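Subject: Structure handover

Hello,

The structure we talked about is below, with the sequence. Please look it over before reading the notes.

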Amino acid sequence: DMDYEPWSAFKREFNDVVSGNDLQDYIRTAIGLQFTPHYYYYDKSPNINYFARVHYRIGFQYAQTSILTNNVRVSNMELTAGFGFPLAIKKSSASVNLGVGLGQRGTKENNLVKESYVGIYFGLSLSPGVNNLWFRKRKYD
């Protein structure tokens, strides 16, 4: 995944006074992998272990932020890992997603601040079952 935001073109205007821009373009690159031992979530055979249906995820991202301080661009990098736990709802692919990220932002160059952080992520993914009752087009209204 790549993100680009042209913040260097941003201008502030107030009462016909245009101030200069001290922002840089934001550039972010991320990559991730997901592995599911038993991917067919519709297969509810009793001999399949629950942990074979869990989604195992790992990722990495690096960003050059839009902040320029003391002629040094602030960067951010993060390593993430997580799990997607499927919910036992009739033939649905709904899941609870948990993750953790270890990151580092900034630098000690030119008397700046370098910080390390831990992020905790939670998500809920809801989806219809095999019959897809959410978006069924009716013949008659």
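The notes below cover the strands, the sheet, a surface patch and the aromatic rings.

This is a predicted model, in which local features need pLDDT of at least 70 and side-chain atom pairs count only at pLDDT 80 or more, while totals for chains, interfaces and linings use all residues. Residues are numbered from 1 along each chain as its sequence is written, and side-chain values use heavy atoms, with hydrogens and water left out.

Strands and sheet

The chain has eight strands and zero helices. Both are DSSP runs numbered from the N terminus: H or I over at least four residues for helices, E over at least two for strands. Of the 141 residues, 26% count as buried; buried means under 20% relative accessible area, exposed means over 50%, and partly exposed is in between (1.4 Å probe, protein chains only).

Six strands form an open sheet in the order β1-β4-β5-β6-β7-β8, with antiparallel pairing. Its edge strands are β1 (2-5) and β8 (114-125), each of which pairs on one side only. On average, neighbouring strands of this sheet are turned by 15 degrees against each other, direction ignored. For that angle, axes are lines fitted to C-alpha atoms (for helices over the stretch in contact), and angles run from 0 to 180 degrees between N-to-C directions. Two strands count as paired if DSSP finds at least two bridges between them.

Some of the pairings, with one residue contact for each:

- β1 and β4 run antiparallel and are joined by four bridges; Met 2 stands opposite Thr 29 in β4.
- β4 and β5 pair in the antiparallel sense over nine bridges; the bridge partner of Gly 32 is Gly 59 in β5.
- β7 (residues 95-106) and β8 run antiparallel, joined by twelve bridges; Asn 97 stands opposite Gly 123 in β8.

Nonpolar patch

Which residues form a nonpolar patch on the surface? They are Ile 31, Leu 33, Ile 58, Phe 60, Tyr 62, Met 77 and Leu 79, with about 680 Å² of accessible area together. Patches are made of residues with over 30% relative accessible area and no salt bridge; nonpolar side chains (Val, Leu, Ile, Met, Phe, Trp, Tyr) are joined within 5 Å, like charges within 9 Å. A salt bridge is a side-chain nitrogen of Lys or Arg within 4 Å of a carboxyl oxygen of Asp or Glu. Accessible areas come from the Shrake-Rupley method with a 1.4 Å probe, and for residues only the protein chains shown count as cover.

β4 (26-35), β5 (55-69) and β6 (72-86) each supply at least two residues of the patch. The largest share, three residues, comes from β5. Ile 58 lies in β5 and is partly exposed, at 48% relative accessible area.

Aromatic rings

The whole structure holds four aromatic pairs. Rings of Phe, Tyr and Trp (its six-membered ring) pair if their centres lie within 6.5 Å; planes under 30 degrees apart count as stacked, over 60 as edge-to-face and the rest as tilted.

One of the pairs is Trp 7 with Phe 10, edge-to-face at 5.8 Å centre to centre and 65 degrees between the planes. Trp 7 is partly exposed at 33%, and Phe 10 is partly exposed at 35%.

Tyr 56 and Phe 83 also form an edge-to-face pair, at 5.7 Å centre to centre and 80 degrees between the planes. This pair links distant parts of the chain, with Tyr 56 in β5 and Phe 83 in β6, 27 residues apart. Tyr 56 is partly exposed, with a relative accessible area of 28%, and Phe 83 is partly exposed at 38%. Together with Phe 85, Tyr 56 and Phe 83 form one aromatic cluster.

Regards
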